[in-house]
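Colleague: Please take me through the aromatic pairs and the nonpolar cores of this model.

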Amino acid sequence: MNVTPQTTVAEIAGAMPRAIPVFQKHGIDFCCGGRRALSEVCSERGVGFDTILGEIEAAGQRPAGADTDWATEPLGALIDHILARFHAGLKQELPRLLALAEKVATVHGANHPDTLPALRDTFGALKEELDAHLDKEENVLFPYVRELETAARGLRPAFSIPLGLASGAIGVMEREHEVAGLALKTIHRLTEGFRPPDDACGSFRALYAGLEIFEADLHTHIHLENNILFPRAMNMERKLGGDR
């Protein structure tokens with residue numbers, strides 16, 4: 001891929017998955033806020049464009065290993081990956097981390113009144129949002145995309161496809177991703193980049209460590225949907241006549 005100053009972060013992340021760790025290293029949003037020119041983001045972060053470009057090129061030269069190019073794999077396979085790698089993990093981590101946040105807020109909230117209650121409440125609201133979000137994806141959008149792919153292959157889908165659903169449903173999903181992204185930024189700020197204070201106990205430190213992993217996973221999860229799954233699904237729908 002020829003990366004120019006005008007190439008968006010999302011385009012790079014979609015075409016070059018091994019660039020994602022570079023973006024994460026420099027705190028560059030490649031999912032919800034990824035539709036911005038790389039030069040603009042570099043200027044905002046105070047990092048030289050050539051520096052980032054060099055790191056991206058170096059990352060791209062490493063052996064691919066087991067990396068999968070989700071931009072070319074069947075959409076059904078991508079959905080299976082999202083369900084197994086991210087949805088299943090969220091369903092375990094969301095209640096675990098919320099219980100931990102509640103415990104830490106109860107025990108240490110008096111010593112950190114400006115941080116821990118807000119952290120607990122922000123994560124609790126995010127959990128509610130994500131619980132409903134996952135349900136809509138699993139029961140509405142993902143089955144529809146699978147049927148789109150079946151029809152695109154010239155096969156008869158299992159049910160009559162109401163062409164036109166993708167754009168509306170995806171718009172809702174993207175807005176909910178934006179809400180989740182804002183919550184992640186609040187959590188990152190409240191935890192000062194997941195750095196526990198000196199008086200943090202084991203549970204306190206476990207919460208921050210878990211939230212750091214949670215943030216990285218959710219960023220990658222949203223990237224796969226916003227930058228790869230959703231555009232490909234909408235393009236497939238258009239080719240099948242969804243815009244007519």
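This is a predicted model: local features need pLDDT of at least 70, side-chain atom pairs count only at pLDDT 80 or more; totals for chains, interfaces and linings use all residues.

Modeller: Residues are numbered from 1 along each chain as its sequence is written, and side-chain values use heavy atoms, with hydrogens and water left out.

Colleague: How are the rings of Phe123 and Phe214 arranged?

Modeller: Rings of Phe, Tyr and Trp (its six-membered ring) pair if their centres lie within 6.5 Å; planes under 30 degrees apart count as stacked, over 60 as edge-to-face and the rest as tilted. The centres of Phe123 and Phe214 are 5.3 Å apart and the planes are at 65°, so the pair is edge-to-face.

Colleague: Is Phe214 buried or exposed?

Modeller: Buried means under 20% relative accessible area, exposed over 50%, partly exposed in between (1.4 Å probe, protein chains only). Phe214 has a relative accessible area of 6%, so Phe214 is buried.

Colleague: Which residues have the most contacts inside the largest nonpolar core?

Modeller: A nonpolar core is a set of buried Ala, Val, Leu, Ile, Met, Phe, Trp, Tyr and Cys residues joined through side-chain atoms within 4.5 Å. The largest one has 29 residues. Those with the most contacts inside this core are Leu207 and Phe214.

Colleague: Which residues does Leu207 touch, not counting residues up to four places away in sequence?

Modeller: Contact means heavy atoms within 4.5 Å. With residues up to four places away in sequence left out, Leu207 touches Leu97, Leu100, Ala101, Val104 and Leu119.
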